[in-house]
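Here's a quick tour for anyone meeting this structure for the first time. Have a look at it, then read on.

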Amino acid sequence: MKNIVYFNGKFIKYEEAHVPLATHALHYGTGCFEGIRGYWNEEQQTLFIFRLRDHYRRLACSCAMLHMTLPMNVEKLCTVTVELVRRNNVREHVYIRPLVYKAEESIARFNLDKLAFFKYSPEFSGIDSCPLIGFYGLPADFGFTGFTT
């Protein structure tokens with residue numbers, strides 16, 4: 001399997017994807033992620049990606065809670081994900097990790113959102129609905145970078 005990622009609007013080699021040290025998300029945890037499973041069916045020679053649209057809808061909710069917007073709609077995210085899997089010639093179970101983060105290098109400014117996808121392999125959690133955020137904390141149903149829930 002190849003190691004192609006989608007980063008800053010392009011498909012590139014993993015080794016070419018770099019995040020500057022002054023990136024807002026690295027300092028303040030201003031990012032969101034999802035964990036999407038794909039299951040390879042050897043008999044059908046097909047990868048089945050589990051509830052792709054649901055994952056991206058939840059990612060959009062997570063982003064909204066941090067006042068971020070996705071750089072594309074859910075349908076386009078699904079298309080990019082399927083193309084990423086195709087370009088990587090995935091023929092095994094896979095864990096896809098879309099990551100959206102505040103990319104402004106000036107720590108005090110909040111105006112750019114970036115999107116990156118890569119293969120990752122920890123445990124999987126199920127799909128939840130989109131609850132409202134509480135006054136004193138973040139909901140455990142979402143994946144925010146830099147926060148422990």
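Where is Leu21 found? Leu21 sits in the loop between β2 (10-13) and α1 (24-28). Bear in mind that this is a predicted model: local features need pLDDT of at least 70, side-chain atom pairs count only at pLDDT 80 or more, and totals for chains, interfaces and linings use all residues. Residues are numbered from 1 along each chain as its sequence is written, and side-chain values use heavy atoms, with hydrogens and water left out.

**Overall layout**
- The protein chain has three helices and eight strands; these are DSSP runs numbered from the N terminus, with helices being H or I of at least four residues and strands being E of at least two.
- Along the sequence, the pattern goes β-β-α-β-β-β-α-α-β-β-β.
- Of the chain's 149 residues, 38% count as buried (buried is under 20% relative accessible area, exposed over 50%, partly exposed in between, with a 1.4 Å probe and protein chains only).

**Back to Leu21**
- Leu21 is exposed, at a relative accessible area of 74%.

**Helix α2 and the cores**
- Helix α2 covers residues 52-65, and its buried residues include Leu52, Tyr56, Arg58, Leu59 and Cys63.
- Just after α2, His67 takes a positive phi of about 55°.
- In the largest nonpolar core, which has 22 residues, Tyr56, Leu59 and Cys63 have the most contacts (a nonpolar core is a set of buried Ala, Val, Leu, Ile, Met, Phe, Trp, Tyr and Cys residues joined through side-chain atoms within 4.5 Å).
- Two or more residues of this core come from each of β4 (36-41), α2, α3 (74-87) and β6 (94-102), and α3 gives the largest share, five residues.
- Another core lies apart from it, with six residues, among them Val5, Phe7, Tyr101 and Ala103.

**Salt bridges**
- There are six salt bridges in the structure (a side-chain nitrogen of Lys or Arg within 4 Å of a carboxyl oxygen of Asp or Glu).
- Glu34 pairs with Arg58, and their closest N and O atoms are 2.7 Å apart.
- This pair links distant parts of the chain, with Glu34 in the loop between β3 (31-33) and β4 and Arg58 in helix α2, 24 residues apart.
- Glu34 is buried at 2% relative accessibility, and Arg58 is buried at 6%.
- Arg87 and Glu83 also meet in a salt bridge (2.7 Å, N to O); they are four residues apart in helix α3, so about one helical turn separates them.
- Arg87 is partly exposed at 35% relative accessibility, and Glu83 is partly exposed at 21%.

Terms used
Expected span 1.5 Å × (residues − 1).
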